[in-house]
Each structure stands twice: as C-alpha cells, then as structure tokens.
Amino acid sequence: QVHVVESGGGLVQAGGSTRLSCAASGVTFSRNVMAWFRQRPGKEREFVASVDWNGLSSFADPVKARFTISRDNGKNTVYLQMNILKPEDTAIYYCALRFEFGPWSSGYWGQGTQVTVSS
C-alpha cells in the first residue's frame with residue numbers, strides 16, 4: 001500500500017519562501033512521477049509542478065519562475081521550493097504519485113498541507 005505524506009507549509013509573508021516535502025512509502029515501481037497540486041480558496045484543484053524518475057520537471061505557468069521541484073529517488077521524496085510567494089499562492093498543497101503512465105486520478109495522494117501567504 002502506497003502512502004503519501006506532505007510536510008511543511010504554514011504562514012509565510014508575501015515575498016518570502018518556504019519548502020514543502022513529500023514522502024511516499026510502499027512504492028514498488030521506480031518509473032513514477034511525483035507532483036504537487038493545490039486548491040486555492042473557492043477554486044478547483046490545479047496542477048503546480050511535477051518531476052519524473054529521470055528528473056524531468058514541469059511547471060504551471062503561474063509558478064514557473066518562482067518554484068522549483070526536486071526529488072530524491074532513493075527516499076521517494078519530492079520537494080517543492082516556493083519563492084517570491086504571493087497571496088494568491090495561498091492554498092492547500094497536495095502531493096501525488098502515479099505510475100509512469102496513467103491519469104493522476106488513479107494515483108496516490110496525500111492529505112494536503114496548508115500554505116497561507118499574508119500580504
């Protein structure tokens with residue numbers, strides 16, 4: 001059974017930085033993709049960033065120049081470094097892991113961690 005657990009987040013001032021971590025356990029397939037999604041107040045969940053087992057990353061346009069994503073394959077851990085934070089980055093951030101192919105809806109999700117950016 002795969003379990004995904006996020007950590008980090010909290011209250012950050014606009015312009016500041018914070019890092020989220022996500023650890024996945026019970027993973028038996030190395031060719032996987034790990035990602036961050038977020039759900040802002042009153043909005044639907046949206047993609048933020050992803051990184052595959054080879055380190056190939058992808059970012060949503062609103063965060064592309066401000067966030068970085070990295071992973072430690074040996075630990076099945078992914079990190080989201082969030083810089084130059086804006087109030088509109090306030091959201092619950094979810095970590096997810098899926099097989100090489102397939103939709104995110106069939107992947108494994110964490111419970112989410114709150115990030116609040118104050119102006």
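In which loop does I84 lie? In this predicted model, local features need pLDDT of at least 70 and side-chain atom pairs count only at pLDDT 80 or more, whereas totals for chains, interfaces and linings use all residues. Residues are numbered from 1 along each chain as its sequence is written, and side-chain values use heavy atoms, with hydrogens and water left out.

The loop that holds I84 runs between β8 and β9 (91–99), where strands (E, at least two residues) are DSSP runs numbered from the N terminus. The phi of I84 is positive, near 45 degrees, although the residue is not a glycine. N76, also not a glycine, has a positive phi of about 50 degrees and is found in the loop between β7 (67–72) and β8 (77–82). Most residues other than glycine have a negative phi.

Five aromatic pairs are present in the structure, a pair being two rings of Phe, Tyr or Trp (its six-membered ring) with centres within 6.5 Å, counted as stacked if the planes are under 30 degrees apart, edge-to-face if over 60 and tilted otherwise. The ring centres of F37 and W109 are 4.8 Å apart and their planes meet at 50 degrees, so this pair is tilted. Because F37 lies in strand β4 (residues 32–39) and W109 in strand β10 (residues 108–109), the pair ties together parts that are 72 residues apart in sequence. F37, F47, W104 and W109 form one aromatic cluster.

The charged end of R45 sits over the ring of W109, 4.8 Å from its centre, and also over the ring of Y94, 3.8 Å from its centre; this requires CZ of Arg or NZ of Lys within 6 Å of the ring centre and within 35 degrees of the ring normal.

Key: Helices (H or I, at least four residues) and strands (E, at least two) are DSSP runs, numbered from the N terminus.
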